[in-house]
Amino acid sequence: MKRREFLKKLGVGALAAVGMPYIATAQARPVKLATLLPLTGPFAFAGNASREGFVDGVDYVNEVLGGVGGRKLELIVEDTGYDVAKGTAAFNRVVSRERPDELLFVYGDSTGLSKALAPEIARMGLPYSATSFANELADPKTYPTIFVFGPTYNDMMEALLRQIRLQKGRARIALVYSNTEFGRDPIPYAKERAKALGMEIVHEEVTPPAFTDATPVVLNLRRANPDFVILQGYVLSAEPLILRTAREQGLRAQFMGTYYSAELALIQRAGPAAEGFTVTYHNAYWYDTLVPAVNELRKFRQKKGRDTSYRPTYYMGSVAVALAIAEAMRRAAQAGKLTRAGLVEQLEKIGDYNAMGLTRGFQFVNHRLPYTKLYRASVKDGRFNAITDWIKLA
Amino acid sequence: MPDLLPYLIGGLANGALYGLLALGFVLVYRATSVVNFAIGEFLLVGAYLTYTFALFLPLPLAILAALPLAFLFGLLVERGFVRPLLGRSVVAVIMATIGLAAALDGVVQLLWGPDLKYLSGSLPNLGFQAGGIFVSSRAVWNLLLALPLGLGLLFALRRSRYGILVRAISEREVAALALGIPTARILAGVWGISALLATLAGALLAAASGVGPNLVFLGLKVFPVAILGGLDSVGGALLAGLILGVLEALSQRYLEPLLPGFTEALPFVVVLLVLLVRPYGLLGERQIERA
């Protein structure tokens with residue numbers, strides 16, 4: 001080899017040696033999923049369970065599914081303390097710190113925070129979802145990048161009203177809800193729909209989101225004498241107290257609730273008064289061992305040395321979201337468009353995927369999943385048992 | 001009237017719980033002029049202590065076992081957070097209690113985890129039916145514990161040696177020191193009693209609806225109750241608790257249908273109205289300042 005040729009080859013080799021790590025680093029840049037959760041504050045129990053779900057989901061994607069199109073999925077977790085101001089600050093911190101080509105999805109908490117962030121999210125074209133199932137968020141015309149990973153609260157009301165019609169045609173219904181965005185969200189729809197179905201709303205009770213005595217609420221209900229009482233806008237903060245007091249005061253109405261009341265802690269806290277409490281719920285329970293995802297997650301957690309005892313509904317919902325987002329990212333990568341816009345495109349056509357049975361399928365209609373099942377509390381079994389198959393709500 | 005009676009009973013029982021918590025708050029304020037913003041967290045710690053003992057003891061015994069620990073906790077707070085700030089501005093002490101509240105929220109979550117807990121046992125059932133009205137066991141327990149305790153505390157402050165010493169310190173601490181009164185020990189005891197009362201309120205609340213970080217919200221109710229009663233009046237705290245409990249129940253019955261959400265604001269509206277007429281609260285000490 002001539003000296004000149006040797007030097008040329010040496011130069012190319014040296015360049016490659018110096019440059020390769022940078023090229024490799026660029027290829028291995030992670031894709032990021034940020035979560036803003038109430039890890040402290042009154043709903044820390046839900047926020048931490050949700051965080052655990054995201055951690056498991058992301059670890060599963062990286063370790064079992066091999067990441068997203070060869071890139072690692074990275075989870076960012078921020079605490080909101082269930083406070084809109086703190087949540088907004090966390091959101092701003094994350095989006096200003098992370099690169100837009102890496103941060104592809106944000107998951108927030110609460111109806112209040114999501115409504116506050118929605119215009120900015122739409123402006124940024126950032127794919128977003130949240131713990132909230134507020135009707136207003138499922139509006140692809142106004143918010144084209146926001147997805148509700150479940151039925152909206154309106155849909156949940158629809159499912160409960162249909163069940164009421166099956167049980168008793170011209171039923172008398174009472175609505176008890178917290179004076180929050182979360183509580184008020186589906187009330188206009190419930191009133192209108194109940195009327196259309198030939199039922200009568202005989203009483204409305206607005207309460208604070210948490211209180212220490214349910215006696216006046218239950219006495220008011222007793223005066224109204226409803227057949228069914230629907231509770232909305234509490235995350236186990238008031239339902240057990242209302243159910244216990246209703247039983248003590250001899251109220252015979254059947255109580256119902258939506259997704260955030262569908263947790264076993266309700267049965268544990270309300271005791272025998274929880275019997276028959278009917279809820280909407282659209283994920284699998286940890287005890288649904290026929291669902292492949294449940295077995296898979298149990299095995300995965302065991303392998304990782306993590307607790308395999310009962311995981312709450314907030315955990316199940318979060319794992320489902322993490323797996324769906326990763327699947328949509330994988331498809332976007334396959335299509336050569338692993339970007340925010342590419343992710344939105346894939347989420348809109350990911351209906352054939354069901355996260356190993358954690359949901360019926362991510363078939364979005366107007367950016368929400370209009371399917372749910374109804375479950376009924378059994379005190380003897382200490383759990384909620386399904387009383388319907390999937391109900392289509394749109 | 002028969003229709004109204006269950007609301008009144010429910011309101012009184014709930015108000016007794018408010019009063020119980022406010023007693024501890026007012027006691028500390030009266031003795032030390034410190035506004036304890038961590039009173040909700042005192043309740044939280046007390047509820048979790050009760051829960052822990054209830055894991056292996058019947059609930060009444062668990063509550064009894066939690067009380068000495070709660071007292072000790074109050075002493076520790078006084079020693080660690082309040083005493084080092086003696087002589088500093090009121091704002092410094094207030095900021096310290098706000099910081100303490102945040103720290104206690106975190107410590108509770110670290111020690112007991114964020115999950116909701118429930119008490120497996122319950123207090124003996126004292127509920128009864130009288131003339132077609134059902135009085136729940138929870139209502140009876142609230143009244144049975146809060147009223148004698150409140151009145152006993154009032155009596156103790158007026159008549160017992162310890163109570164007289166507390167009053168002497170609250171009147172003029174320097175003079176009390178000069179007279180050889182062990183102010184530090186007595187004030188620490190006041191914080192202990194405050195934590196003990198908050199624990200009792202927390203235990204009653206936990207027995208009714210379980211234990212979780214959201215219990216801390218009851219701490220917010222203390223402020224309107226204490227201000228309405230008169231910040232330095234122990235009897236006023238109990239009275240104001242009962243009044244606000246009844247007003248809330250009546251508001252839920254009569255005003256809520258007309259003004260949805262009003263009941264939540266009611267305690268503050270009542271406080272505002274009362275302060276316009278009696279700036280020192282219902283039973284607070286009237287202070288006249290001359291320029």
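Visitor: On what basis are the residues and values given?

Guide: Residues are numbered from 1 along each chain as its sequence is written, chains are lettered from A and ligands numbered from 1 in the order in which they are written, and side-chain values use heavy atoms, with hydrogens and water left out. The model is predicted: local features need pLDDT of at least 70 and side-chain atom pairs count only at pLDDT 80 or more, whereas totals for chains, interfaces and linings use all residues.

Visitor: How much space lies in the largest pocket?

Guide: On a 1 Å grid over the protein atoms alone, a pocket is an open set of points with protein on both sides within 12 Å along at least five of seven lines, and a cavity is a set where a 1.4 Å probe fits but cannot get out; lining residues have an atom within 4 Å of a point. Grid points are joined across faces, edges and corners, and a volume is the space filled by probe spheres set on the points. For the largest pocket, that space is about 910 Å³.

Visitor: Why does the largest pocket lie between domain 1 and domain 2 of chain A?

Guide: Its lining numbers 37 residues, and Pro42(A), Pro209(A), Ala210(A), Phe217(B) and Leu220(B) lie nearest its centre. Domain bounds come from an automatic or database domain assignment. The pocket lies between the two domains because both give residues to its lining: domain 1 (31–151 + 286–363) and domain 2 (153–281 + 375–392) of chain A.

Visitor: How many residues of the lining of the largest pocket are nonpolar, polar and charged?

Guide: Ala, Val, Leu, Ile, Met, Phe, Trp, Tyr, Cys and Pro count as nonpolar, Asp, Glu, Lys and Arg as charged, and the others, Gly among them, as polar. By this division the lining has 21 nonpolar, 9 polar and 7 charged residues.

Visitor: Which element gives the most to the lining of the second largest pocket?

Guide: The second largest pocket holds about 740 Å³ of space. It is lined by 31 residues, and Tyr29(B), Arg30(B), Thr32(B), Ser33(B) and Ser170(B) are the closest to its centre. Helices (H or I, at least four residues) and strands (E, at least two) are DSSP runs, numbered from the N terminus. With 4 residues, the element that gives the most is α1(B).

Visitor: What area is buried between chain A and chain B?

Guide: Contact, meaning heavy atoms within 4.5 Å, joins 33 residues of chain A to 34 residues of chain B. Buried area is the accessible area (1.4 Å probe) that two parts lose on being put together, summed over both. Carbon and sulfur atoms give 54% of the area, which is about 2900 Å².

Visitor: How many salt bridges are counted between chain A and chain B?

Guide: A salt bridge is a side-chain nitrogen of Lys or Arg within 4 Å of a carboxyl oxygen of Asp or Glu. Arg138(B) and Glu248(A) meet in one, at 3.6 Å from N to O. Between chain A and chain B the count is 3.

Visitor: Which element supplies the largest share of the lining of the largest cavity?

Guide: The structure holds 7 cavities of 30 Å³ or more, and the largest has a volume of about 330 Å³. Among its 28 lining residues, Tyr107(A), Thr131(A), Ser132(A), Tyr260(A) and Tyr314(A) are the closest to its centre. The largest share, 5 residues, comes from α12(A).
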